[in-house]
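Student: Before we discuss this chain, could we look at the model together and work from its overall make-up towards its interior?

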Amino acid sequence: MNLKDLSLESIIEKINSWEVSKNEVFDYFQKRIEKYDDKIKSYNFINKNWLSKKDWKLAWAPIAIKDIFCEKWIPTTCSSEMLKEFIPPYNATVIENLNKEWMSSLWKVNMDEFAMWSTSESSKINTTINPWGNNRIPWGSSWWSAACVSAWLAPAALWTDTWWSIRQPASMCNVIWFKPSYGRNSRYGTIAMASSLDCPWTITKTVKDSALLYEIMNWYDEKENTSLEWKDTISNEIWNKTDLKWKKIGIPKEYFEEWLDKWVKEKIEEAIEKMKELWAEIKEISLPMTKYAIATYYIIMPAEVSTNLARYDGIRYGHQTKEAYSSLDELLQKNRWEWFWTEVSRRIVLWSYVLSAWYYDAYFKKATEIRTLIIEDFNKAFEEVDAIISPVSPNVAWKIWEKIDDPVKMYLSDAYTIPASLAWLPGISVPAWFATSEDSEKELLPVWLQILTPRLKEEELFEIAHVYEQATQFWKQNPKWFEN
């Protein structure tokens, strides 16, 4: 049985047409996980026992789940010692929605501890390798999800993103990421990082697969107060489009400045030319508040996370120290510093500073005001264009541990993805071919194009991405070690 280069949609069609059984598909991915995951190191827990159910939309197709979504009676740890024995008694809403369509969960994919950091170097369990490079990072806190789909250890994966947690790893691992508008997918049952930024997303091989999962996952949820009150559906007509006539595409001049690697810039410019060939109208736009996005994010995010992490004190949630203590304060201190690792501890210190009485107005209040200006930037731009395109990352994947001692430099790699998260916009990426790494190895590594549309315009986003994807067929490229 050869499932190479098949989309999730194609696998479901084969199951429903009896060309292959659910058991055979599940066994196929189980064998690939057994064969390759020692190299990729993407899974925390693997489901080796499952029950066949009747056919439905997902036809029991296997999907990998980031270790941040609660699945009933399945360990959910956030790759942290703090939650290493947590087994939730309920499902996250997006898991519940997928289960209703007969998803087969492959169980838990690794992640950075509590989704904090970006290079796979801050997980307490494993450091994941990018399938496309020689000992290179997959990037982003959801990189395990991206790496396992890229290595074809699952046809799709479920993950979360706060600012670039999946956009950069998906792009560096050559798979499709899709982020809906904030509020489309319920956050209930998803262990929170920064509540006004967190969003459940998907990683797939094709744009159409992203739309398939999105239609199942998005739904009003009365248990979650940011959930939008209507369900979004995607018209089948958009999959018949073959050009971008009447589409105005914006190019932000601020996204093509000095920090963009020249080889990445070259491939993005080629992608822009391809869109012109597809009859899109290209227009330069300005997003002047972009230069404040990273600073704004790194004030709002830590402030929100400080609240969400406060519950992990070893009393309400998490492990309790075995060491002696003489007071409640000493117990809480030992619990938190014993079980949280370096990056989480670093951010707790920053969060406490930002929310302190002396600095709340100077930092947090000002950051929320700038966030409003960033949203206004995008609103003004979308009065002129239908979509905005940009690079996903200013560079290709670098070597593991290459920049671990320079967190500020790594934070600056998020300049293209953070503004859209602050503005709650939907987005997707499509491949723009490969660029040469800047180091001495000169490896050819994936470069991807980010597409953004106005809030609640997911259908238009899918339409533009699908036309470009079908015109290029770059998504069919596989890592050099890939086997059937």
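This is a predicted model: local features need pLDDT of at least 70, side-chain atom pairs count only at pLDDT 80 or more; totals for chains, interfaces and linings use all residues.

Student: What percentage of the residues in the chain is buried?
Tutor: The chain has 484 residues, and among its contacts between residues at least 6 apart in sequence, 76% join residues at least 24 apart. Taking buried to mean under 20% relative accessible area, the buried share of the chain is 62%.

Student: Which residues does Met275 touch, not counting residues up to four places away in sequence?
Tutor: Met275 is one of the residues that touch the most other members of the largest nonpolar core, and Ile451 is another. With residues up to four places away in sequence set aside, the contacts of Met275 are Leu244, Ile249, Ala280, Ile282, Ile389, Leu449, Ile451, Ile464 and Tyr468.

Student: Which strand is joined to S9 by eight bridges?
Tutor: Strand S9, residues 427-436, is mostly covered, with eight of its ten residues buried. Two bridges join S9 to strand S4 (residues 176-179) in an antiparallel arrangement, and there Phe178 has Ile428 as its bridge partner in S9. The eight bridges also belong to an antiparallel pairing, in which Gly427 stands opposite Leu452, and the strand they join to S9 is S10.

Student: Which element supplies the largest share of the lining of the largest cavity?
Tutor: The structure holds one cavity of 30 Å³ or more, and about 60 Å³ of space lies in the largest cavity. Helix H5 (167-172) and strand S10 (444-452) each supply at least two residues of its lining. The largest share is three residues, and the element that supplies them is S10.

Student: How many nonpolar, polar and charged residues does the lining of the largest cavity have?
Tutor: The residues that line the largest cavity include Ser171, Met172, Val264, Ser393, Asn395 and Trp448. Sorted by class, the lining has eight nonpolar, three polar and no charged residues.

Note on methods. Residues are numbered from 1 along each chain as its sequence is written. Side-chain values use heavy atoms; hydrogens and water are left out. A nonpolar core is a set of buried Ala, Val, Leu, Ile, Met, Phe, Trp, Tyr and Cys residues joined through side-chain atoms within 4.5 Å. Buried means under 20% relative accessible area, exposed over 50%, partly exposed in between (1.4 Å probe, protein chains only). Contact means heavy atoms within 4.5 Å. On a 1 Å grid over the protein atoms alone, a cavity is a set of points where a 1.4 Å probe fits but cannot get out, and a pocket is an open set with protein on both sides within 12 Å along at least five of seven lines; lining residues have an atom within 4 Å of a point. Grid points are joined across faces, edges and corners, and a volume is the space filled by probe spheres set on the points. Helices (H or I, at least four residues) and strands (E, at least two) are DSSP runs, numbered from the N terminus. Ala, Val, Leu, Ile, Met, Phe, Trp, Tyr, Cys and Pro count as nonpolar, Asp, Glu, Lys and Arg as charged, and the others, Gly among them, as polar. Two strands pair if DSSP finds at least two bridges between them.
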